[in-house]
Amino acid sequence: MSRNTLLWILGIAGTLLATAVAVAWMTVGGDRGILLPGKTTDAHHQIELACETCHAAGAFANAKKAEKALNKACRGCHEAELKAAKDSHPPGKFRNPRMAAYWEKLDARLCTACHVEHRPETTRTSAVTTPTDFCVACHSEEEQDVRVNRPSHASLAFDTCASSGCHNYHDNQALYADFLVRHADQPWLAPVPMHRFSAQAQTRTFRTEAAPGRGDAVAPESALRDPAILDAWAGSGHAAAGENCAACHAPAAAKRAGLAEIEAQWVEAPDMAVCEDCHRWQTKTFARGRHGMRQHPRVSKPRNPRRRLAALGLGGWLPEAAVARFTDPAPPRRMTVGEARLPMHAETAHLSLHCGSCHRPHAVDTEAAAVEACASCHNDPHTQAYFGSPHHALWEAEVAGEAEPGTGVSCATCHLEKVERRGNIAVNHNQNDLLRPNSKMIRPVCLDCHGLGFSLDALADPGLIARNFKGKPEIQVESMAWAIRRTVEKPEEEGAGSRVQSPWRNSP
Amino acid sequence: MTQNPAPTLAEDVVLLLLDDQSGTLLPVQEAAFKCALAGATLMDLAFAYRIDTDLHSLMVSDRTPVGDPMLDRILKRISNHPEVSNAHAWVEILSSEEAGIIREQALARLVEHGVLQRHRKLPGLFRAHRYTRVDGAVERELKGHIRDILHSDDIPDPRDVALICLVDACNILADIFPREEIEQVAPRIEQFHRMDLIGHEVTGTIDEARRAIVLAVRTRAARFGKWLAALSLGGGLAAVATLLVPRIPMPDRFGPGLFELLWSDETWQQWSGYTLLGLSLAGLLVALLMKTPLLVRRKSHDWWPLMHVGFGAGCVLALFAHTGFRFGINLNAALMWNYLALLIFGALVGISMRRTAWPPVNAALNRLRRFSIKAHLLALLPLPALLILHLLIVYLY
């Protein structure tokens with residue numbers, strides 16, 4: 001056999017082998033990283049190798065079925081938040097046959113009409129893959145023509161609808177005209193600026209009246225050696241609520257109080273599941289947010305290669321070592337800091353994200369979790385600028401006891417929404433609920449201390465956000481002035497230009 | 001013991017094209033090789049005083065068989081078609097319809113004489129054979145003889161002049177001898193083309209026939225050359241542009257613009273993708289058919305290299321329509337690089353087929369062609385796997 005023939009045979013055999021391995025990765029299991037057709041959006045890159053989460057239609061499904069499965073996956077994770085945001089363009093609205101004329105232009109029944117994954121070239125803010133003037137599809141003709149309906153909009157380009165702080169496609173809770181008019185006369189700063197739920201959270205009382213000491217800790221001898229840990233626990237909310245060491249380290253034995261049994265079941269580093277036993281809603285929302293997305297129940301589990309091989313009629317044929325090579329390299333169940341796409345401190349790259357990452361497990365210190373924990377990993381200009389900002393000064397005053405509870409503004413104040421649940425104040429750990437578009441933050445957070453007009457202007461100014469609100473907004477959102485003109489003053493003069501000047505622009 | 005009959009010019013052409021090192025046939029341009037074989041056969045008939053040709057006509061002067069089955073068959077064919085009346089037409093007919101048979105016959109004769117050995121390529125899969133040298137003495141003797149003629153000032157044998165002029169007309173001399181040597185003897189070769197051999201063992205008729213046949217062979221060998229080079233150059237430049245030109249930004253205006261449709265609409269993506277796949281398969285099919293011995297014997301396929309290059313150029317356009325110069329990541333990026341390598345090296349093969357008036361340039365082009373052919377074939381190897389995986393990703397997910 002000549003050298004050329006041998007090379008051809010080897011080349012063809014190698015190609016066939018490589019194809020077979022790659023096909024096995026696709027169908028049976030294994031690392032599918034090299035099969036990703038394009039960079040995944042920032043929102044989904046953590047779960048990009050759990051392909052079946054979104055591509056749930058199965059192999060060789062027709063386009064319609066595949067599209068349906070994709071959209072079902074979108075709704076599976078995002079429907080609740082859209083519903084809570086009173087989505088202005090819910091898919092159901094467009095399923096009405098009267099809307100059929102619009103389907104050809106932009107099929108708003110489908111999430112994938114505007115959000116397509118693996119298309120980095122066309123992915124814009126908020127994972128939108130349609131051009132920014134997409135509103136033109138429906139709002140430029142007949143009764144929907146905003147240039148006719150709103151004289152003020154006649155000269156506006158459609159790519160300014162969602163980029164000028166005036167409209168969002170989904171969440172317009174803080175942007176609709178009546179709301180703008182109702183809050184038009186608010187000063188830039190409330191007379192008593194205070195975040196009401198933060199204030200309420202600080203006044204919570206626990207069942208135990210007598211504060212426990214380090215001697216109250218019940219744990220195996222080996223676990224009681226570190227006084228710092230014991231002190232941290234003794235001063236914690238857990239201790240105040242009557243939860244002893246075993247509640248987390250040996251939960252099954254905690255209620256029986258027998259030290260021997262506690263010792264037998266002692267777990268040195270308890271899993272997040274222990275936290276979930278009591279803080280169910282917090283862990284649930286954590287899994288919906290960017291920190292814990294991989295633990296979301298709808299994220300597909302690693303494939304079972306044995307089961308898949310059996311389905312292909314190859315069960316039992318392959319040796320165990322070969323099957324092991326087709327096991328999904330399940331990404332760490334918890335995201336690590338190093339995997340983040342935002343700028344982070346390099347030295348924390350190895351840390352994974354779980355309850356204890358932010359809340360010191362024994363102290364359960366919510367103050368540290370609200371600022372220090374965030375800044376220990378995040379290293380972007382916005383985070384850096386927080387220290388020394390007016391918000392930070394207020395936070396320091398509150399922590400020092402020099403100001404009223406709820407007057408300080410921490411990272412968590414703005415990014416982790418506090419809500420009232422069953423009479424208690426709970427923290428929604430899904431920071432996505434207050435992110436992108438940032439006007440989501442206005443009603444639950446900003447308006448506690450600031451006026452609507454100021455909040456709109458501030459959040460529309462990227463420079464001010466990067467400086468963490470040091471200074472004044474340099475952008476004025478016109479929507480409030482137009483809304484007033486249209487509904488209160490002379491509608492026919494709506495487009496005559498803004499006469500309402502933001503008062504903070506002239507303030508010292 | 002019977003003495004071997006004198007070798008034909010076609011056998012000499014084949015012998016000259018044996019690689020010194022490997023003993024296998026050099027990968028010369030297929031069309032040029034065929035023209036050389038057609039010209040060699042006509043030249044043999046002219047030397048045997050069976051045909052008479054000048055720049056305008058070719059006629060059979062003696063129908064008596066020569067005694068060589070191959071030459072006699074060609075002589076009979078020429079006799080039966082008096083309407084085909086000039087050397088250009090017969091070089092065209094013979095190079096396209098008889099060259100394969102002439103080559104097989106010449107190779108068979110060399111095998112018979114113990115010069116070459118025949119092997120089957122991938123037994124049971126292909127009909128084609130591979131030939132390797134057994135006795136290098138004959139080949140070395142012939143090449144040494146040609147080398148001596150080129151380097152001396154002696155009056156050469158008319159048959160040797162015909163052989164040298166033939167292979168030079170087909171531009172395969174630079175494939176046979178080193179570049180430096182060709183540069184050195186270029187004036188001597190030119191002298192052979194102008195040489196008047198009347199009185200040197202041949203008549204004026206044969207000398208005129210030599211000139212007519214060499215001219216016909218040169219014209220024929222250069223056929224499509226410009227088109228091939230131009231098309232390859234265009235396709236190659238477009239493929240290189242894919243590497244160098246900035247990616248075309250996606251349109252930021254809503255509406256059914258062409259680029260928006262091309263790169264965002266799934267139906268358009270499928271059309272452009274399958275067009276690309278179809279063109280690639282068509283190009284591959286043409287390349288395979290060109291190499292099929294059965295087809296070589298029966299059909300004229302002079303257009304086929306042009307078709308192959310045409311499909312390649314079409315692939316560049318389809319690739320642009322499908323990707324818009326975007327490479328993607330991971331497997332898609334690998335596929336894109338691989339495809340571009342295939343196209344660029346293919347284009348280099350086409351460009352390097354062009355011949356110039358300068359032997360050193362021709363020699364450099366020959367080297368480029370040999371390298372590009374290997375690289376083109378190497379780039380072809382992983383392409384099916386990458387394409388299959390690309391398609392599977394689309395349909396499995």
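The following paragraphs describe the interface of chain B and chain A, then a hairpin in chain A. This is a predicted model, in which local features need pLDDT of at least 70 and side-chain atom pairs count only at pLDDT 80 or more, while totals for chains, interfaces and linings use all residues. Residues are numbered from 1 along each chain as its sequence is written, chains are lettered from A in the order in which they are written, and side-chain values use heavy atoms, with hydrogens and water left out.

In chain B, 26 residues are in contact (heavy atoms within 4.5 Å) with 41 residues of chain A. The two chains bury about 2,900 Å² between them, 67% of it on carbon and sulfur atoms; buried area is the accessible area (1.4 Å probe) that two parts lose on being put together, summed over both. B:Phe254, B:Leu396 and B:Tyr397 supply 28% of the area that chain B buries against chain A, more than any other three residues.

The rule finds two salt bridges across this interface, each a side-chain nitrogen of Lys or Arg within 4 Å of a carboxyl oxygen of Asp or Glu. B:Asp252 forms a salt bridge with A:Arg124, with the closest N and O atoms 3.0 Å apart. On chain B, the elements giving two or more residues to the side that touches chain A are helices H11 (258–264), H15 (330–352) and H17 (383–396); helices are DSSP runs (H or I) of at least four residues, and strands (E) of at least two, numbered from the N terminus. H17(B) gives the largest share, seven residues.

Within chain A, strands E1 (residues 418–421) and E2 (residues 424–427) run antiparallel and are joined by four bridges; strands pair if DSSP finds at least two bridges between them. A:Val419 stands opposite A:Ala426 in E2(A). The hairpin has two residues between the strands, and A:Arg422 takes a positive phi near 50° there.
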